[in-house]
Amino acid sequence: MATYFHAHQIESDRCTGHLKCMHSCPTQAIRIRDGKAQFSQELCVDCGTCLTVCPSNAIMSITDLLEEFDHFKYKVVVPTAVLYSQFDASIHPYIVHLALKQLGFDAVVDMNFSSSVMAYVLKQFLEQYDGPLPLISSHCPALIRLIQVKYPGLVKQILPLDVPREVTAREIRKTFPQKLRLKPSEIGIIYIAPCPAKVVSIKQPAEKSTSWFDGVVSIKDIYRLLYPHVIAIKEEFDAEKDVPENFSFHSGWAQLGSTIRAAKMDNWMAVSGLDHVMRVLDDIENSKLRNVDFLEAMTCMLGCIGGPLVVINPYVARANIIKQAERYEREVEFDKVKVEQKFEQNYYSLEHPILPRPTSFFDSDLVTSIKRIKERDRVYKKLPHIDCGCCGAPTCLAFAEDVVHGEADVTDCIYLTGKLDGSPILPRQQINPE
Ligand code: SF4
Ligand code: SF4
């Protein structure tokens, strides 16, 4: 079985066996065993929902610490518009850049350039594309993993283009060593992430062998270090004098609908939030969604500004980012002919296609899989079908799969064993007449 990196862990000592995480997990990756939550490595899609719902704060994100980059001779940090949105609109994004430098980064490279280039590349791609529709955006890694695990038939509809953050890091890796006369390995490129999914996309990308980034810190961690610097710089800051001529800011792809707006598309649809995204993916799978050529989907509500590793309320962040865009955004200029040439050479394409993620319940051998499904259905028939969660599985069907898989025993069902009040086993019909 493949091993998967995940950017969160459950602290058993703190876990109180609450069922909230289990019931909110979109892929039914969580089980409660011996009173403690645990998650399946293969089913977890890194959406981060469990981190936000755990009432005991027992689920911790795993990101790099700033000290871990000290061995690099030169450190380049790549912030996103989500970081700027954590500050109110009176904070010029350039103040955030200055504050990042005070934290020890040697250079700050915004994703504005790559975001604009990739919006243009997307338009070029759509003009040539004649595959199945709708195409599905690729910049939310939790969405990609959700499709790999729960909607394997839709992987071929994921946009096969690289994302602005990776394109930015690749450009830095190409240009900075020459400019600085340093070896590429002496330059550390660090991303600031709003979610565990982006951490995972850097540590173990689904679409390439390695990321162009060397590490990743969370917005949450950097925000508390950054805040005092931002406030102090703001005191003395004069935008007229202090912002360099060549500084440009773009609100980027942080918000829902920004890809669509940037690429000026027709027949699009934008959806955010896991439940909504899954409803739309169900509709696509069942051929119920028509006249949509492009779906922009982000698993967090309102997009990355609603990520699990951000600090402020996403609606406040949304207001901030809209105002920042109105005040500070500038159109980015780039050489379209050069971009078109690189596009023709597949420079912006994913390194390898995104494939479905196999799960161990469904064997690669069809006969074994069918046998398992029949066995699961046989167990399931005996269960009460009330999805109470008392067995430690989120649904009776998931419990039946666990039994067939040897990870649970049918006697773990309190209704079948009468564990609640010591009464004898009830016939299923008596529990659920249907
Ligand atoms: S990160 Fe998401 S998919 Fe993974 S265990 Fe938590 S809720 Fe489930
Ligand atoms: S919507 Fe953005 S913040 Fe949320 S999981 Fe996807 S990439 Fe991460």
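How do the residues of the shell around ligand 2 divide into nonpolar, polar and charged? The shell comprises 8 nonpolar, 3 polar and 1 charged residues, where Ala, Val, Leu, Ile, Met, Phe, Trp, Tyr, Cys and Pro count as nonpolar, Asp, Glu, Lys and Arg as charged, and the others, Gly among them, as polar. The structure is a predicted model, in which local features need pLDDT of at least 70 and side-chain atom pairs count only at pLDDT 80 or more, while totals for chains, interfaces and linings use all residues. Residues are numbered from 1 along each chain as its sequence is written, chains are lettered from A and ligands numbered from 1 in the order in which they are written, and side-chain values use heavy atoms, with hydrogens and water left out.

Among the residues that surround ligand 2 are Cys140, Cys195, Lys198, Cys300 and Cys304; a residue is near a molecule if one of its heavy atoms lies within 4 Å of it. Ligand 1 has 13 residues around it, of which Cys25, Cys44, Cys47, Gly48 and Cys50 come nearest. The shell of ligand 1 holds 8 nonpolar, 4 polar and 1 charged residues.

The next feature is a pair of strands. Strands (E, at least two residues) and helices (H or I, at least four) are DSSP runs, numbered from the N terminus. Strands S2 (residues 30-33) and S3 run antiparallel and are joined by 4 bridges; two strands pair if DSSP finds at least two bridges between them. Within this pairing, Ile32 stands opposite Ala37 in S3. The hairpin has 2 residues between the strands, and Asp34 takes a positive phi near 50 degrees.

Attention now turns to the largest pocket. A pocket is an open set of points, on a 1 Å grid over the protein atoms alone, where a 1.4 Å probe fits, with protein on both sides within 12 Å along at least five of seven lines; lining residues have an atom within 4 Å of a point. The lining of the largest pocket consists of 33 residues, and Val109, Asp110, Asn112, Phe113 and Phe176 lie nearest its centre. The elements that give two or more residues to this lining include helix H5 (112-128) and helix H7 (164-180). H7 gives the most, with 8 residues. By class, the lining has 17 nonpolar, 7 polar and 9 charged residues.

Helix H7 also contains Arg170. Leaving aside neighbours within four places in sequence, Arg170 is in contact (heavy atoms within 4.5 Å) with Trp212 and Tyr347.
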